[in-house]
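Welcome, and thank you for looking at this structure with me. Please take a moment to turn the model around before reading on.

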Amino acid sequence: MKAWDDYDKKKKEDDPEFYDERLEDFKRQEWDRRLNGFWYRNNGEAVFIVGIHYLYLRWWHIDIGLPKFRMPDLEKAYFLQYCLEDPLCMGMVEVTKRRFGKSFWAGIFLVEYISRTKMTFGGIQSKTGKDASKFFGKTVVNPFRRLPKFFRPEYDMSLGVNPKSEMRFQKTNVRGKKAESAVDKDELGGGIDHQPSDKVAYDGQKLHRYVADECGKTVEVDVYERHEVIRYCLLDDEGKIIGKALYTTTVEKIDTDKDGIQDAFKLLWNESNQNSRRENGMTASGLYRFFMTAKRTRNFDRYGHPDEEKTEQEILSDREGVKDNPRALFARIRKEPLTIEEAFSIDADSCIFNTFNIANRERQLETNPVHKRSIWFYRDENTQKAQWRDIINKERPFHWRVSPDFPLTFESNNKHEIDGTLRKPANTKMGAIGIDGYSNSQGGQKWGSRASAWAGIRLPNGRKKVCGHLYGRPNEKDLLHEQVLLCSEWLGVQAYYEHNSDDYFSYFKQRGRLLYLGLYPLILIEPIKIEKTDRHRGVPTTPYSLTKQADLGISYFENDCDLIDYQELLDDAKLFDPNDRTKSDITVSFLITNAVLNEVPIKIPPKKIALVQVYTN
C-alpha cells in the first residue's frame, strides 16, 4: 500500500486529474468489506466475517503484526456485532484469559466507528489514569497510524504524530495563509480521548463508543457506580441508545483498601445476563456478557480451530504441579479460567471455607438450578394455625424462598405440646431456624444491615441442609419476627436468634410463644462453663461460640457443600470474614442454623440405684 500510495502521489503531482482505476476499485472493495463484512472459504467451509473483524484481520497491526484468524475471535466478533445492532443493548462486558488480544479488539472497537462517522466521540478508562494513557497509545494511536490512507480521516496533528491525550478528527490547527487553504478540507469533527478512572470523569458528555479496560481490576473506583454514570452518556436526550460500551477484563486478585471494589464488577457481570431481562427487554445494566474459556485459547490449527482437549489437559497438568500450594494454584486458575466460576473464584488465602467445593457447587447449580418457591406465612383466622401461600407483589422485597426439600405439605404441620400454660414446638428433632437480625425496630432498605434467617432440617442420613431463606429489611421489624414465628409453628421447630440487643424475646413472650425460642445450644458454650452459664434464649456471641460456629461451617463446606442449593449463600460465604461478621448476614445466619442442627440432644442419665438397698424400719 505504501508503494501504491507513493506511485499515486507522484502521478498526481504531474497530473492532478490522474485516476488509477485499479487502486480506486481496491479502495471500494476494502470499504465495502469493512462496512458489510466478507465471505470466504476456510478449508472448504463458507465463513462470514463481520466488518470490524475483517478490518482487524486485514489492517489492524497489533504488537506481533497482523492478527491470525481464530474461531474464538470469530465468535466474539459475532457477539459484538449483535450488541452493536441490538437497539436495546448498550454494549458488552467480556471476561477472558490474559494475552488473548482483548485490548487490541477494544482499540479497533473505538476507531472503526469514530473514524468514519461525523461528530462522534469515544472515551477510554482503565484501572488507573496511567493505564488508560498506555492503552490509548498502544491500542488506538499506533494501529491507527498504520492504517492505509483511505481509511485514515483527516486528524489534528498539532498534537503530534503520536498524540498522547486525545485524537481529534479535524483539520490541523494552523495559522496564516496555510489556514485559509485548509478551510475547505473535509473533516469528521469527532475524536477519541482517555480519562482518569474516576466515576464522574465523563459525566455529562455524550459518548458513541466507550471502553472500560481491565474493569474487573480497578483499584480506585467502584466500576458499578461508574457504569451508572457512563450509561447516561450513551443515551440521547430522549433516552434512546446512541452509543455502545465495551467492558473488558481478566479477573484477578487486587490489593486495595476500598471495600467492595471487586464485588462491584461481579455485580455488573450478574446484571448483564442477556438471558435474564426486565420487562422493557433490557438487562439491568443494559449490557450483555461474554466469557471465553481458556481451553479455547491455545493450540490452533492452520484454519483457526483450537484443540480444546489438548489445551485443557495442559492447563490441568499445570495446576496439578502446584496443587499443594493454594496461593499458586489460585493464581493459575484465575489467569486461565475454564469456567466463569473459576474466573471469579476467591483466593484460598482470603476465604476460610473450601473454595474449590464452592466452585464445584456453583457449576452444578449453573447446570441444574434448584427451583425456589416464594411464599408468605400467615395465621388462619378460624383455626389460628400457621399457614402459607404464594407471595403477592408487595411482598417481593421480603419473603421466604424455599427449595423442594422444605416441607410445604406434611401431616405434622403446626405440631405442638403444652408445657404448663405455654405452647412449645413438638418437631424439634426435625430441624431449626437460625436468625441474624438487626437491633433497631425501624426497617426499610436505607437503614443498612438486613435480616437473614435460614430454615434447616436434619436428613435421615444424618446430614443437615438449609431449605428455606428469609432475607431483607422489612419496613416494620415485627414482620421479621412474625414470619420467623409462623414458620417455626408450621414446622414445629425452635428459632435461634443471635443474642444481642434485639427485641425478639418480648415479641415471642407477648404472644405466648416463648418456648418457640431455643435456649443457648450447649454446643456453643465452653464445656467448662456450661454449669455456670445462664442459658438465655438465643445464640451466644462469646468468642468460643463464634469460633465454634466458624469451625462447624468449615466442616460443612468441606463435607456437605453439595447440599447447598442457594447461590446467594455460596456468594456470601466466599467473602465471609470471621473477624468482621457484620457484612455477612447470610453466612452468619447459616452458621447459626448449622451449629444448632449439630446439637446432639443430651440424654438425662437414669438415677443410680444402689446395689444393696437399705430401708428404714
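What follows is a walk through the model, from its confidence to its sheet, cores, aromatic rings and a few single residues.

This is a predicted model, in which local features need pLDDT of at least 70 and side-chain atom pairs count only at pLDDT 80 or more, while totals for chains, interfaces and linings use all residues. Residues are numbered from 1 along each chain as its sequence is written, and side-chain values use heavy atoms, with hydrogens and water left out.

Let us begin with confidence. pLDDT is the predictor's confidence in each residue, from 0 to 100. The mean for this protein is 88, and 92% of its residues reach 70 or more. Over residues 442–447 the pLDDT is below 50, and this stretch has 15 contacts in the model beyond near neighbours in sequence; contact here means heavy atoms within 4.5 Å.

Now for the sheet. Helices (H or I, at least four residues) and strands (E, at least two) are DSSP runs, numbered from the N terminus, and two strands pair if DSSP finds at least two bridges between them. Seven strands form an open sheet with mixed pairing, in the order 5-6-4-7-8-3-9. At the edges stand strand 5 (166–168) and strand 9 (287–291); each has a single partner strand, so one side of each is left without a neighbour in the sheet. From one strand to the next, the twist averages 15 degrees.

Look next at strand 4 (residues 121–125) and strand 7 (residues 209–213), which run parallel and are joined by four bridges. Here Gly122 has Arg209 in strand 7 as its bridge partner. Helix 5 (residues 102–114) packs on the sheet, where it touches strand 3 (91–95), strand 4, strand 6 (191–194), strand 7 and strand 8 (244–249). The direction of helix 5 makes about 165 degrees with that of strand 7; axes are lines fitted to C-alpha atoms, for helices over the stretch in contact, and angles run from 0 to 180 degrees between N-to-C directions.

The loop between helix 5 and strand 4 holds Thr120. Is Thr120 buried or exposed? Its relative accessibility is 3%, so Thr120 counts as buried; buried means under 20% relative accessible area, exposed over 50%, and partly exposed in between (1.4 Å probe, protein chains only). Leaving aside residues up to four places away in sequence, Thr120 touches Tyr113, Ile114, Gly190, Gly191 and His208.

Moving on to the nonpolar cores, each is a set of buried Ala, Val, Leu, Ile, Met, Phe, Trp, Tyr and Cys residues joined through side-chain atoms within 4.5 Å. The largest has 67 residues, of which Trp400, Phe406, Ile433, Val484 and Phe557 touch the most other members. Helix 18 (residues 585–597) gives the most to this core, with eight residues. A second, separate core has 51 residues, including Val47, Leu74, Phe79 and Cys89.

Aromatic rings come next, and the structure holds 31 aromatic pairs. Rings of Phe, Tyr and Trp (its six-membered ring) pair if their centres lie within 6.5 Å; planes under 30 degrees apart count as stacked, over 60 as edge-to-face and the rest as tilted. Phe353 and Phe557 have ring centres 4.4 Å apart and planes at 25 degrees, so the pair is stacked. Phe353 lies in the loop between helix 12 (340–343) and helix 13 (355–367), and Phe557 in helix 16 (residues 543–559), so the pair ties together parts that are 204 residues apart in sequence.

Phe353 also forms a stacked pair with Phe576, at 5.8 Å centre to centre and 20 degrees between the planes. Phe576 is in the loop between helix 17 (567–574) and helix 18, so this pair ties together parts that are 223 residues apart in sequence. Both Phe353 and Phe576 are buried, and Phe557 is buried too. Elsewhere, Trp4, Phe26, Trp31, Trp59, Phe150 and Phe151 form one aromatic cluster.

Finally, consider some backbone angles. Asn43, in the loop between strand 1 (38–42) and strand 2 (45–49), has a positive phi near 55 degrees although it is a residue other than glycine. Asn43 is exposed, with a relative accessible area of 55%. Glu214, found in the loop between strand 7 and helix 8 (223–233), is not a glycine either, and has a positive phi of about 50 degrees. Glu214 counts as buried, at 10% relative accessibility.
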